[in-house]
Amino acid sequence: QTIVNENNPESKKWAEKYGFVVKEAQFESVLDLASQSHLRIEEMLKRHKKNDLKFKSMKNYPGEENFELLCNFFISLQKDTPDCSGIEMGKDMAATLLKTFHPENIILAVIDNRWIGMTVLFNRNENEIYNFFTGTIAEMRGRGIALALKLHAISKSIPLGYIRMRTNNLSSNYPMLSVNKKLGFIQQPGKLILTKQLDWS
């Protein structure tokens with residue numbers, strides 16, 4: 001596997017000369033929060049909050065027992081996302097990663113006290129906030145939960161003064177790309193991931 005910049009056609013051409021084939025693209029998408037109306041986002045969120053859907057952060061779930069539940073929940077969601085295909089994450093790695101985020105930035109979608117999805121925010125700097133991860137349990141996919149989670153994250157970020165939200169995606173993650181497009185994220189030039197099958201015969 002090799003990676004080349006999407007805006008560097010010469011590197012892509014060189015790799016293809018030696019038998020590499022484009023597998024997918026990895027890129028950032030950016031949402032201009034400064035142009036978003038907080039009222040409009042809240043109205044959109046109301047339309048997507050169905051079946052007693054509520055949002056809570058890990059500030060609502062203190063203690064080691066709840067943190068362990070969070071680690072297991074994150075691992076179960078992460079392994080199903082196209083962005084993390086083939087990555088086996090252990091509990092120690094999940095715990096180390098999740099401890100880097102502020103509890104109020106780990107947002108859970110909850111129905112009847114059951115966690116059905118989550119999204120995670122990271123303060124990059126005073127102007128930008130990064131949407132690190134969004135996922136929902138298998139049985140709730142296709143019901144707008146991921147969209148509602150991201151709307152809640154946007155609604156939370158605007159009053160804090162952030163002017164941009166960034167996120168990362170693979171071109172193979174069609175469901176999340178569709179959600180991002182609906183929300184107005186703009187895809188940025190990224191990197192092409194190319195692979196070559198090695199023949200050892």
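Helices H3 and H4 are roughly perpendicular to each other in this predicted model. H3 covers residues 64-78, and H4 covers residues 91-98. Their axes come within 9 Å and cross at roughly 110 degrees. An angle from 65 to 115 degrees counts as roughly perpendicular, so this crossing qualifies.

Which residues of H3 and H4 make the contact? On H3 they are Phe 67, Glu 68, Leu 70, Cys 71, Asn 72, Phe 74 and Ile 75. On H4 they are Lys 91, Ala 94, Ala 95, Leu 97 and Leu 98. Sort the residues of this contact by type, and you get 9 nonpolar, 1 polar and 2 charged.

Now step back to the whole protein. It has 6 helices and 9 strands. Its C-alpha atoms fill a box of roughly 55 × 40 × 30 Å, taken along the principal axes. There are 201 residues, and buried residues make up 43% of them. Look also at the contacts between residues at least 6 apart in sequence. Of these, 73% join residues at least 24 apart.

Next comes the interior. In soluble globular proteins, nonpolar side chains tend to be buried together. Here the largest nonpolar core has 51 residues. Leu 70, Leu 108, Met 118 and Met 165 have the most contacts inside this core.

Which elements each supply at least two residues of the core? The helices are H2 (38-48), H3, H4, H5 and H6. The strands are E4 (106-111), E5 (114-123) and E6. H5 gives the most, with 8 residues. A second, separate core has 7 residues, including Val 4, Ala 25, Phe 27 and Leu 194.

Take Met 165 as a close-up. Leave aside its neighbours within four places in sequence. Met 165 is then in contact with Ser 29, Val 30, Leu 31, Leu 33 and Leu 121, among others. Its contacts also include Ile 129, Asn 131, Ala 153, Ile 154, Ser 157 and Phe 185.

Start with H6, residues 174-183. Met 176, Val 179, Asn 180 and Leu 183 are buried there. Why do these four lie on the same side of H6? They cover an arc of only 95 degrees around the axis, which puts them there. On the other side of H6, Tyr 174, Lys 181 and Lys 182 are exposed. What covers the buried residues of H6 includes strand E2 (21-32), strand E6 (128-136), helix H5 (145-157) and strand E7 (164-170). Gly 184 follows H6, and its phi is positive, near 100 degrees.

Now turn to H2. Ile 41, Met 44 and Leu 45 are buried in this helix. Their arc around the axis is only 100 degrees, which puts them on the same side of H2. The face turned away from that buried side carries the exposed residues Leu 39, Lys 46 and Arg 47. What covers the buried residues of H2 includes strand E3 (54-57) and H5. H5 is also part of the cover over H6.

The backbone deserves a look too. Most residues other than glycine have a negative phi, and most peptide bonds are trans. Where do Asp 112 and Asn 113 sit? Asp 112 is in the loop between E4 and E5, and Asn 113 is in the loop between E4 and E5 as well. The phi of Asp 112 is positive, near 55 degrees. Asn 113 has a positive phi of about 65 degrees, although it is not a glycine.

Finish at the start of the chain. Gln 1 sits in the segment before strand E1 (2-5). At 64% relative accessibility, Gln 1 counts as exposed. Gln 1 and Gln 187 are 186 residues apart along the chain, and their C-alpha atoms are separated by 23 Å. What does Gln 1 contact, leaving aside its neighbours within four places in sequence? Its contacts are Phe 20, Ile 193, Leu 194 and Thr 195. Of these, Leu 194 belongs to the second core.

Conventions. Residues numbered from 1 in each chain as written. Predicted model: local features only at pLDDT ≥ 70, side-chain atom pairs only at ≥ 80, totals over all residues. Heavy atoms only, no water. Buried < 20%, exposed > 50% of the residue type's maximum accessible area, 1.4 Å probe, protein only. Arc of directions from axis to C-beta. Contact = heavy atoms within 4.5 Å. Axes fitted to C-alpha atoms, helices over the stretch in contact; angles between N-to-C directions. Parallel < 35°, antiparallel > 145°, perpendicular 65-115°, else oblique. Nonpolar A, V, L, I, M, F, W, Y, C, P; charged D, E, K, R; others polar. Core = buried A, V, L, I, M, F, W, Y, C linked by side-chain atoms within 4.5 Å.
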